[in-house]
Amino acid sequence: MEYDQARRIFSNLKPVYDLMGGDLVTACIDEGIPPDLIRALMTEWNESQEAIDQALGVMPDDPEAEKRIDDDLMRRFEAHHDDFGDVILNKKLSSR
């Protein structure tokens with residue numbers, strides 16, 4: 001199987017298995033993708049996703065975009081957590 005054909009099949013299977021669960025590697029093998037190509041495609045997919053996440057992380061927030069977390073909830077989280085997301089133990093937590 002050629003790389004482009006394996007990539008097309010993998011690109012169709014990966015989101016489905018991410019959403020529904022299951023054994024992606026077995027599904028790829030069942031479709032005829034050799035194990036060495038599966039490994040290469042998984043590495044490529046992960047590197048691509050990391051690059052997308054980095055790009056999104058440096059983009060300014062779009063004020064028109066739907067918020068995933070309420071501003072008040074985020075402010076309370078930030079007030080009680082350090083830069084690593086760990087709870088600040090010496091600070092009294094509000095009951096709210």
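1. Glu44 and its partner. In this predicted model, Glu44 is partly exposed, as its relative accessibility is 27%. The side chain of Glu44 forms a salt bridge with that of Arg7, with an N to O distance of 2.4 Å. Arg7 is likewise classed as partly exposed, at a relative accessible area of 34%. Because Arg7 belongs to helix α1 and Glu44 to helix α3, this pair ties together parts that lie 37 residues apart in sequence.

2. The other salt bridges. Three salt bridges are found in a search of the whole structure. One of them joins Lys14 to Asp18, where the closest N and O atoms are 2.8 Å apart. Both residues sit in helix α1, with a spacing of four residues, or about one turn of the helix. Lys14 has a relative accessible area of 13% and is therefore buried, the limit being under 20%. Another salt bridge links Arg76 with Asp72, and here the closest N and O atoms are 3.5 Å apart. Arg76 and Asp72 are both part of helix α4, again four residues apart, about one turn of the helix. Arg76 is partly exposed at 27%, and Asp72 is partly exposed at 25% relative accessibility.

3. The aromatic pair. The count of aromatic pairs comes to one. Its members are Phe10 and Trp45, whose ring centres are 5.8 Å apart; the planes meet at 75 degrees, so the arrangement is edge-to-face. An angle over 60 degrees is what the edge-to-face class requires. Phe10 is in helix α1 (residues 3-20) and Trp45 in helix α3 (residues 35-58), so the pair ties together parts 35 residues apart in sequence. As to accessibility, Phe10 is buried, with a relative accessible area of 1%, whereas Trp45 is partly exposed at 26%.

4. Surroundings of Phe10. Leaving aside residues up to four places away in sequence, Phe10 touches Pro15, Leu24, Cys28, Ile33, Leu41, Met42 and Trp45. Several of these names return in the next point. The list includes Trp45, the partner of Phe10 in the edge-to-face pair.

5. The nonpolar core. The largest nonpolar core is made up of 11 residues, namely Ala6, Ile9, Phe10, Leu13, Leu24, Ala27, Cys28, Ile33, Leu37, Ile38 and Leu41. At least two residues of this core come from each of α1, α2 (24-30) and α3. Helix α1 supplies the largest share, which is four residues. In soluble globular proteins, nonpolar side chains tend to be buried together.

6. Thr26 in helix α2. Thr26 belongs to helix α2 and is partly exposed, with 37% relative accessibility. Its C-alpha atom is separated by 10.0 Å from that of Ile38, a residue 12 places away along the chain. Ile38 is itself a member of the largest nonpolar core.

7. His81. The segment after α4 contains His81. At 18% relative accessibility, His81 counts as buried, because the class covers values under 20%. With residues up to four places away in sequence left out, His81 touches Asp86, Val87 and Ile88.

8. Overall architecture. The protein has four helices and zero strands, and from the N terminus on the elements follow the order α-α-α-α. Of its 96 residues, 15% count as buried. Taking contacts between residues at least 6 apart in sequence, 41% join residues at least 24 apart. The accessible surface comes to about 8100 Å², and carbon and sulfur atoms account for 53% of that area.

9. Confidence of the prediction. The mean pLDDT of the protein is 82, and 82% of the residues reach 70 or more. Among the elements, α2 has the highest mean pLDDT, at 93, while helix α4 (residues 71-79) has the lowest, at 81. For the points above, this bears on Thr26, which lies in α2, and on the pair of Arg76 and Asp72, which lies in α4.

Methods. Residues numbered from 1 in each chain as written. Predicted model: local features only at pLDDT ≥ 70, side-chain atom pairs only at ≥ 80, totals over all residues. Heavy atoms only, no water. Phe/Tyr/Trp six-rings, centres within 6.5 Å; stacked < 30°, edge-to-face > 60°. Buried < 20%, exposed > 50% of the residue type's maximum accessible area, 1.4 Å probe, protein only. Core = buried A, V, L, I, M, F, W, Y, C linked by side-chain atoms within 4.5 Å. Contact = heavy atoms within 4.5 Å. pLDDT = per-residue confidence, 0-100. Areas by Shrake-Rupley, 256 points an atom, 1.4 Å probe, with all protein chains shown as cover. Salt bridge = Lys/Arg side-chain N within 4 Å of Asp/Glu carboxyl O.
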